[in-house]
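Hi,

Here is the structure I promised to pass on.

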Amino acid sequence: MKAIKYFSFGIASMLAFSACSDKFLQEKKNYDQVGAEVYNDYDGANGRLNDLYGWCLPTTSTMSWKYPACGLSDIASQSTEEYAGFSDFVNPENIMSSDNSTSTSVPDFFMGTSNNIQEAVYGRIRNINDFLRGIESSSLTETQKGVLMGQAYFFRAWCYYNLVKWYGGVPLVKEVLEPVESNYTPRSTTKETIEFILEDLDAAATLLADETTDGGWRDGSDYGRVTSGTALALKGRVLLLWASPIFNRANDKSRWTEAYNEMKDDLSIINACGYGLYTSSDDVNGSTFAKVFTQIGKTNNREAVFFTLYNTTAILTGIDDAAKNNTWERMIRPDNTGGNGPSPSRMILNLFPMADGKIPAAADNYTKLKTSDIALDTDYPFMNRDPRFYRTFAFPGFRWAYNGDASIHDAHNPGDGANYTLWSYVWYTESSQQGNPESGNSYGADNLGAGGTYGNSIIVRKKSDDLDVNGSPLYSYNPAGWKAGAGPFYSAAPLIELRYAEVLLNLAEAACGAGDVSAALGYLNQVRQRAGVPDRTTADFNGDEQAACMSAILYERQIEFAYEGKRFDDMRRWMLFDGGEGQATLKSSWAVTGWGGNTCTWLGFKPLNGQRREKLQYRTADKYGLGTAQWDGDPLLKGGGVRPAGINFNSTTLADDLANLKTWYQENLAVKEQKGDGYDSQKNKLYIKFQPFYYLLGFNSGVQNQNKQLEQTIGWGDYNKGGAPGTFDPLAE
């Protein structure tokens, strides 16, 4: 790899460091440009480490090379069942290429911003390597060195994990290289890259053991730092990736067995760090599940294994390093409270389990799982569902309380946040638009989209800080921020990238792959028990037990982690777009030979390729006529319609309450299917198409132009060789 041309760290003037704050994750400063002597002082070295945290921790920013998807409607989540609307990965009319001059160039998850050491992939890795070198040669005690280096090893592994999952083998830069052309590092094999990541994670776990395996960090002010358990939990994810079909086309059982044995052994250390499923004694209709994302502190959020801390500091103008807000709340809330209100696809609504924890018969995506005896009403999908459904989606008539008053921003908004009920049905001003699935000329109730462009009757509410669930919300509500364009929610809710439920489901998957179905069900059922649904048993399966068990695990992951940015990675790992069809056309040795030659067929999973995702909308019933083009033009209210009380999910009569809401819908609203995925120029429906060569990405020409010797991935054009086919094989060992 061509060395990235950065200035030496030593050219800046020396910085003075204060003692490490117990809010180290919220008080970042730029400590990149330092001299070697800073590492001889523990506080100074710790300040440098805190800077690494600041640049490596996940955020709610748009997905890029450095930040994984967090559940927003980005290029990853729009390639799954969660959102409708074609992303670049699944658009059948636009095939991605390595040509950076086109609008369909493959995303760059490799280089980042090449002239910025903190924004470029290998700039960040160089930063970590510089830190490791500085600590190693410092005069600190061996104990101090170990604690600091253990955390840095974790973040180097984290950086490389976010590369290998896209590209397979990448250049492994293990030390600080001088910025000269001769310092070229070729791509390592995928196996070598995986092994290097695992070595770093094992080193991190060992070096942090004394400080973190007695219930977490000894000093409570260090809450939020990575631990031995964090390192081993990520190790489990990496082992699972290596065993998965994307890199294990022949289903080599030894990979599954190795993953299972190591993950099983590591679980005791993860537990010793204080991690576990978050539980509460007052669970009502999935409230415990909802609390997972809004509880913070050393003792009351055991679920958070790798996460980012935030604060509520509101900076309305300029830049202030003290402001570290989790922007999820302001993006997920409906726009008459200050958010954007993203809408789910109808497909994911139909996929969620029924109240008995089984897949609806109306959803045919998992044929090796026995379906529920409870019928799904696809027009009113909120009836009789898994408790997690109600904590993931909000429908018209659902309470979604918050601590604030949106009418301060706009007097037409509902003002009583503590009793806010979402009324997101729409009306039309022209009869020709009411049945048109493409029409966006609808007006939202309660000042939702009063400009005639609102259509999101159903809104994603996952990870929201619901006042009915958390009486001491982790945000401040500041309408002034809304007026400044930032949104009113300044949230300190943690962003959890890796939680204990994933540790268990990773173990379940590894156990199943190794052939231990009984153990797999044991781990799986711990997650289901917390969710409040019945255990899985082999009686739930159709056909081969191992295949059906794996299908059940992937289904559970899809539900448990919905809108957490995990689904696209799972779909790529298991090649769920097509089961692996077309891989042999890229290279004969790439053919899927395990799993009967097709992962989807083996799992009984309906490939996403060839399907469409639409959206569900509720509009005012015909009996009310048309509305007018104003915020108060709601024909339902003008026509004498009366809204019922909002559904309170703390109710002990929830089933009856929802039945009454359904009756109200039937009397006052009409169901409309709204366009989700695109049409062609002739208004013909288009269908999802994920190309075979997308599973293992290539580099776009912008990346290759900066790295003249970087070998291109098979399946992608090599910009440095005039567009000739790439030659690097991510599956070769």
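Let me start with a helix pair: α2 (residues 121-136) packs against α3 (residues 142-167) at an angle of about 160°, with the axes 10 Å apart. (Helices are DSSP runs of H or I of at least four residues, strands are E runs of at least two, and both are numbered from the N terminus; axes are lines fitted to C-alpha atoms, for helices over the stretch in contact, with angles from 0 to 180 degrees between N-to-C directions.) The two helices are therefore roughly antiparallel, a label used for angles over 145 degrees. Their crossing is left-handed, meaning that the near helix is turned anticlockwise from the far one by less than a right angle.

By class, the contact of α2 with α3 has 15 nonpolar, 1 polar and 4 charged residues. (Nonpolar covers Ala, Val, Leu, Ile, Met, Phe, Trp, Tyr, Cys and Pro; charged covers Asp, Glu, Lys and Arg; the others, Gly among them, are polar.) On the α2 side the contact residues include Ile 125, Ile 128 and Leu 132, and on the α3 side Leu 148, Met 149 and Phe 155; contact here is heavy atoms within 4.5 Å.

Before the rest, a word on the model: it is predicted, so local features need pLDDT of at least 70 and side-chain atom pairs pLDDT 80 or more, while totals for chains, interfaces and linings use all residues. Residues are numbered from 1 along each chain as its sequence is written, and side-chain values use heavy atoms, leaving out hydrogens and water.

Now the strands. β1 (residues 304-308) and β10 run antiparallel, joined by 4 bridges (pairing takes at least two DSSP bridges), and Phe 306 stands opposite Leu 498 in β10. In β10 (residues 495-499), 5 of the 5 residues are buried, so the strand is largely enclosed by the rest of the structure. (Buried is under 20% relative accessible area, exposed over 50%, partly exposed in between, with a 1.4 Å probe and protein chains only.)

Tyr 428, in strand β5 (residues 426-428), is buried too, at 1% relative accessibility. Leaving aside residues up to four places away in sequence, Tyr 428 touches Gln 433, Asn 441, Arg 619 and Lys 672, among others.

Asn 251, in the loop between α5 (228-243) and α6 (253-272), has a positive phi near 55° without being a glycine; Asn 251 is partly exposed at 26%. Trp 595 also has a positive phi, about 55°, and sits in the loop between α17 (583-586) and α18 (599-603), but Trp 595 is buried at 5%.

Cheers

Methods. Angles under 35 degrees count as roughly parallel, over 145 as roughly antiparallel, 65 to 115 as roughly perpendicular and the rest as oblique.
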